[in-house]
Amino acid sequence: MLHWLRRLVSAVEPELPDVPDEQWERIEARLPWVDFLDPADRPRLRELARQFIASKEFHGAHDTVLTDDMLLEIALQACVPVLNLGLDWYDDWVGVVVYPGDFVVPRRVTDDAGVVHEYEDTLVGEAWEGGPVLLSWQPESLAADGINVVIHEFAHKLDMRNGEPDGLPPLHAGMSVQRWASVWSTAYERFCADVDAGVDTGIDEYAAESPAEFFAVMSECFFEIPDLIQQAWPDLYEQLARFYRLDPAPRARTLFPPDAA
């Protein structure tokens with residue numbers, strides 16, 4: 001055991017955790033998308049994950065006991081979106097709260113008529129602007145292709161770098177806001193129309209909830225099922241590749257050829 005949690009609590013400047021190769025390999029075996037990265041990127045992702053663990057505060061909700069493996073798995077997933085952006089994209093918040101499965105968040109909204117509605121929302125994850133990331137720890141049996149709660153919520157965090165999440169994160173120099181808006185709005189309208197028509201897109205229908213959720217879901221898919229995104233949504237894939245500065249589809253096709261059966 002690495003006892004990272006104890007060091008995080010007791011050390012003013014916690015050291016980076018030491019992780020044996022066997023442990024990295026065991027955790028990465030549960031994350032197939034890691035193989036879509038260039039082999040040279042894997043050591044950098046591991047190092048970023050170590051820095052992430054040392055720089056964030058982790059809390060287990062409802063008596064959840066956080067193990068070293070859990071921290072590693074969360075950190076690897078959280079860091080892949082910023083692999084080529086830098087950990088400073090996460091520097092405006094510190095907390096990660098892990099729940100033992102789905103959790104309930106109370107909501108209070110006022111409609112256009114001024115009527116206040118209170119209800120409870122059951123979630124698997126949520127990112128708070130300027131606050132923590134809430135995650136549910138789901139059994140592996142519930143995992144599905146293209147679904148990644150951790151990447152989803154951390155994509156929201158990137159979107160929040162310039163205000164409330166709206167599907168437009170801060171773009172890099174050389175990227176066009178007009179091009180981004182055109183590609184994403186066209187894709188979002190098409191996706192919503194497909195969902196309304198009952199078309200099986202292979203993508204979580206939750207993406208139709210809002211432009212912000214569309215960006216977060218498509219970010220999950222970009223890392224989890226990049227070949228599908230590039231084939232079905234080439235302009236969207238190109239924008240995601242430019243934003244994340246990664247191109248996982250070619251290796252995904254090599255490892256899992258479309259005609260393989």
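Modeller: The questions and answers that follow concern a predicted model.

Colleague: How many helices and strands are there in the chain?

Modeller: The elements are DSSP runs, numbered from the N terminus. On that basis the chain has six strands, and its helices number ten.

Colleague: What percentage of the 261 residues in the chain is buried?

Modeller: A residue counts as buried under 20% relative accessible area. The chain as a whole exposes about 13200 Å², of which carbon and sulfur atoms supply 51%. Of the 261 residues, the buried share is 48%.

Colleague: Of the contacts with a separation of 6 or more, what share joins residues 24 or more positions apart?

Modeller: A contact here requires heavy atoms within 4.5 Å. Among contacts in the chain with a separation of 6 or more, residues 24 or more positions apart account for 64%.

Colleague: Which residues have the most contacts inside the largest nonpolar core?

Modeller: In soluble globular proteins, nonpolar side chains tend to be buried together. Here the largest nonpolar core has 71 residues. Phe 52 is among the buried residues of helix 3, and its contacts beyond four places in sequence include Ala 75, Trp 93 and Phe 154. The residues with the most contacts inside the core are Phe 52, Phe 154, Phe 214, Met 218, Phe 243 and Tyr 244.

Colleague: How far apart in space are Leu 71 and Ala 49, C-alpha to C-alpha?

Modeller: Leu 71 is part of helix 4 and is buried at 0% relative accessibility. Ala 49 is one of the buried residues of helix 3. Leu 71 and Ala 49 are 22 residues apart in sequence, while their C-alpha atoms are apart in space by 9.2 Å.

Colleague: How many aromatic pairs does the structure hold, and how is the pair of Trp 180 and Phe 215 classed?

Modeller: The structure holds 24 aromatic pairs. The ring centres of Trp 180 and Phe 215 are 6.1 Å apart and the planes lie at 55 degrees, so this pair is classed as tilted.

Colleague: Which helices hold Trp 180 and Phe 215?

Modeller: Because the two residues lie in separate elements, the pair ties together parts that are 35 residues apart in sequence. Trp 180 is in helix 6 and Phe 215 is in helix 7.

Colleague: How is the pair of Trp 184 and Phe 214 classed?

Modeller: The ring centres of Trp 184 and Phe 214 are 5.6 Å apart. Their planes lie at 85 degrees, so the pair is edge-to-face.

Colleague: How many disulfides does the count give?

Modeller: A disulfide is a covalent bond between the sulfur atoms of two cysteines. Cys 192 is buried at 17% relative accessibility, and Cys 221 is buried at 1%. A disulfide is counted where two cysteine sulfur atoms lie within 2.5 Å, and the number of disulfides found is zero.

Notes
Residues numbered from 1 in each chain as written. Predicted model: local features only at pLDDT ≥ 70, side-chain atom pairs only at ≥ 80, totals over all residues. Heavy atoms only, no water. Buried < 20%, exposed > 50% of the residue type's maximum accessible area, 1.4 Å probe, protein only. Helix = DSSP H or I, 4+ residues; strand = E, 2+ residues; numbered from the N terminus. Areas by Shrake-Rupley, 256 points an atom, 1.4 Å probe, with all protein chains shown as cover. Core = buried A, V, L, I, M, F, W, Y, C linked by side-chain atoms within 4.5 Å. Phe/Tyr/Trp six-rings, centres within 6.5 Å; stacked < 30°, edge-to-face > 60°.
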